[in-house]
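The entries below follow the order in which I checked them.

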Amino acid sequence: MRATRGAVVGAVSTAALALGAAAATGVAAAFARAVVTPARHKPDDLEVLQVGPRRVVLTVTPDTVVPGRYGVWTEAGRGHFRVGDVLSVTAERVTRELLGVDAGQVLPGPARWNQYFFAGDPASALGLPHEDLRVPSEVGDLPCWFVPATGDGGADGALPPGTWALLVHGRGATREEALRALPVLHRLGLPCLVPAYRNDADGPSSPARRYGLGDTEWHDVEAVARYALDAGARRLVVVGWSMGGAILLQFVARSELAERVAALVLDGPVVDWYDVLDHQARRYGVPVRLGRYGLRLLAHPLGRRLVGVDGPVDLRRMDWVRRAEELVLPVLLLHSDDDDYVPSGPSQRLAAARPDLVTYVPSERARHTKEWNVDPARWEAAVEAFLREHLDLRPEPGTGPGEGA
């Protein structure tokens, strides 16, 4: 009887451990799956409470009380208006300056915050003529805005011709995220390409319909870069926000076209996914050890099937703090210490490791990728100074002493 009882206890313990391991694997896989799954539905996240002459009253949220310039979508995205300075704040209401109405009417009701400030396309939002292109890629045609340089070959003080800019938005964002950067790049005389990439709402889908966190999307950037070079570009500036930064760092590390890139401009970039996802695990109450287990599932040939990605996603090669010595291009890093989504610590460590190549512009108060919103003049001045310094000094590929430009 004693032996039988011991066998039963052992069997129950083994079953409990197996059940516990299965539950842990399920939580880890669910966490990893959430990281790589595009969010198709974006619900309203605030209320318009009152509208007055040149001002609007909104509910208080972590976003609506931050200084700067932002947009607000209404009517399920059909309406849009822009807000500026915070005029007053109480526990539940914030009054902000009403800067303009782009579509619809400003009426009390549900709404959604727009950190991009602008909405629409380069023509409707900024008055910049553009073409809607479709750039072929391995997963299908990529929608892309092309904003040409000014008709006279560039604005006064423009950079030397032949340099184009390629702008890449972040995870779950849209091409509208890049609109904020177009005016300064246009003033510098840079033709600009703003593409969608795989699994965007308006882009082609990969077979699994999951993000690769930069490990796959860089191929789409390569396709757009090749389009630019075939169309007459001789060198490229690449600009990315958040996961767009991770995508661009993989592009310059792995593409045969990397030698044609002159400089990188990265805003709130992911330079270490482990750090970002540890932060997200803590934010949502997932034990960090389980979160890390989920990240290992992403990289495992069998575990990735639980997550549903197209292929193993190796986050180690996207850790640019560890790979800092491999950088060969000048990088402008703009990152707020109050970034609530991608902590600035890895950007600070990368800048400290490579002061010869990395120009770091810290800031405060701005939430994730909102450095421009809080201080547009400072953001644009930093980008312009960086590009003037590095593009004027860096020779174009294939030219040298005695050779033609």
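**Entry 1. Terms and overall counts.** I note that the model is predicted. I counted eleven helices and 14 strands in the protein. Of its 405 residues, 52% are buried. I then looked at contacts between residues at least 6 apart in sequence, and 73% of these join residues at least 24 apart. The accessible surface came out at about 17900 Å², with 54% of this belonging to carbon and sulfur atoms.

**Entry 2. Helix α4.** I found D220 in helix α4, which covers residues 218–230. The helix has 13 residues, and from first C-alpha to last α4 reaches 18 Å, close to the 18 Å expected at 1.5 Å a residue. I listed the buried residues of α4 as W218, D220, V221, E222, A223, V224, A225, A228 and L229. What do the buried residues of α4 pack against? I find strands β7 (131–135), β8 (142–147), β9 (163–168), β10 (192–195) and β11 (235–241), together with helix α5. After α4 comes G232, and its phi is positive, near 125°.

**Entry 3. D220.** Is D220 buried or exposed? The cut-off for buried is under 20% relative accessible area, and D220 counts as buried because its relative accessibility is 2%. Leaving out neighbours within four places in sequence, I find D220 in contact with S137, V139, L142, Y197 and R198. I followed R198 from this list into the next entry.

**Entry 4. R198 and E138.** A search of the whole structure gave me 19 salt bridges. In one of them, the side chains of R198 and E138 meet at 2.8 Å, N to O. R198 sits in the loop between β10 and α4, and E138 in the loop between β7 and β8, so this pair ties together parts that are 60 residues apart in sequence. I checked both partners for cover: R198 is buried at a relative accessible area of 5%, whereas E138 is exposed at 58%.

**Entry 5. Other charged pairs.** I looked up E326 and R323 next, whose side chains form a salt bridge of 2.8 Å, N to O. E326 is partly exposed, with 42% relative accessible area, while R323 counts as buried at 12%. The side chains of E384 and R388 also meet in a salt bridge, at 3.2 Å, N to O. Where do E384 and R388 lie? I place both in helix α11 (residues 376–393), four residues apart, about one turn of the helix. An α-helix has 3.6 residues a turn, so residues three or four places apart point the same way. Both count as partly exposed, E384 at 26% and R388 at 27%. I also noted a network of salt bridges that links D63, R283, D340, R367 and K370.

**Entry 6. D278.** I checked another aspartate, D278, and found D278 in helix α6 (residues 273–283). D278 is buried, with a relative accessible area of 11%. Not counting residues up to four places away in sequence, D278 touches V288 and R292.

**Entry 7. Nonpolar cores.** Which residues touch the most other members of the largest nonpolar core? Among the 65 residues of this core, I find that they are L213, F251, L264, W273 and L298. Helix α5 (residues 243–254) supplies the largest share of this core, seven residues. I then noted a second, separate core of 33 residues, which includes W145, A165, V265 and V383. Going back to L264, I listed its contacts, again leaving aside neighbours within four places in sequence: V238, L248, L249, V252, L329, P330, V331, L332 and F386.

**Entry 8. Surface patch.** Last, I looked for nonpolar side chains on the outside. V60, V65 and V89 form a nonpolar patch on the surface, and together they have about 190 Å² of accessible area. I place V89 in strand β4 (residues 79–89). V89 is partly exposed, with a relative accessible area of 47%.

How values were computed
Residues are numbered from 1 along each chain as its sequence is written. This is a predicted model: local features need pLDDT of at least 70, side-chain atom pairs count only at pLDDT 80 or more; totals for chains, interfaces and linings use all residues. Side-chain values use heavy atoms; hydrogens and water are left out. Helices (H or I, at least four residues) and strands (E, at least two) are DSSP runs, numbered from the N terminus. Buried means under 20% relative accessible area, exposed over 50%, partly exposed in between (1.4 Å probe, protein chains only). Contact means heavy atoms within 4.5 Å. A nonpolar core is a set of buried Ala, Val, Leu, Ile, Met, Phe, Trp, Tyr and Cys residues joined through side-chain atoms within 4.5 Å. Patches are made of residues with over 30% relative accessible area and no salt bridge: like charges are joined within 9 Å, nonpolar side chains (Val, Leu, Ile, Met, Phe, Trp, Tyr) within 5 Å. Accessible areas come from the Shrake-Rupley method with a 1.4 Å probe; for residues, only the protein chains shown count as cover. A salt bridge is a side-chain nitrogen of Lys or Arg within 4 Å of a carboxyl oxygen of Asp or Glu. The expected span of a helix is 1.5 Å times one less than its number of residues.
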